[in-house]
Amino acid sequence: MDNCSQQDYKYCVLMSPFQIETIGLIAAFLTTGSFVPQLIEILKHKSTEGVSLSMYLFMFLGVSLWFLYGFLIESFSVMLANLVAGFLQLIIIYFKLKWR
């Protein structure tokens, strides 16, 4: 069966849809995980000094739209990454507002 029959990916002949989605999940894990060190520092020091509220609000808006995009194109990796990233950002926003 031709890999291109279900999805119109540029490299679908070289990789299966599963392999392409796996790359997306790995990328999602790495980029979403980048918020964890900031959250750990906030909790460790009980301080959000130096954390930009506007940056996290804009990021949250962006990942919310990325989640919607993932839903519309039915991409599990895009939805999962942005759901988790949004959750982590909301926690950071919460502490930023709490410890002003």
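Biologist: How do helix 2 and helix 4 run relative to each other, roughly parallel or roughly antiparallel?
Modeller: Roughly parallel in this predicted model, where angles under 35 degrees get that label, over 145 is roughly antiparallel, 65 to 115 roughly perpendicular and the rest oblique. Helix 2 (residues 36-45) and helix 4 (residues 76-98) pack at about 30 degrees, axes 10 Å apart. Axes are lines fitted to C-alpha atoms over the stretch in contact, with angles from 0 to 180 degrees between N-to-C directions. Helices are DSSP runs (H or I, at least four residues) numbered from the N terminus.

Biologist: Which residues make the contact?
Modeller: V36, Q38, L39, I42 and L43 of helix 2, with L88, I91, I92 and F95 of helix 4; contact means heavy atoms within 4.5 Å.

Biologist: Switching topic, is N82 buried or exposed?
Modeller: Buried, at 14% relative accessible area (buried is under 20%, exposed over 50%, partly exposed in between, with a 1.4 Å probe and protein chains only). N82 lies in helix 4, and leaving aside neighbours within four places in sequence, N82 touches V63, W66 and F67.

Biologist: Where is confidence lowest and highest?
Modeller: Lowest in helix 1 (residues 17-33), mean 90, and highest in helix 3 (residues 53-72), at 97. That's pLDDT, the predictor's confidence in each residue from 0 to 100.

Biologist: What ground rules apply?
Modeller: The model is predicted, so local features need pLDDT of at least 70 and side-chain atom pairs 80 or more, while totals for chains, interfaces and linings use all residues. Numbering starts from 1 along each chain as its sequence is written, and side-chain values use heavy atoms, leaving out hydrogens and water.

How values were computed
Helix = DSSP H or I, 4+ residues; strand = E, 2+ residues; numbered from the N terminus.
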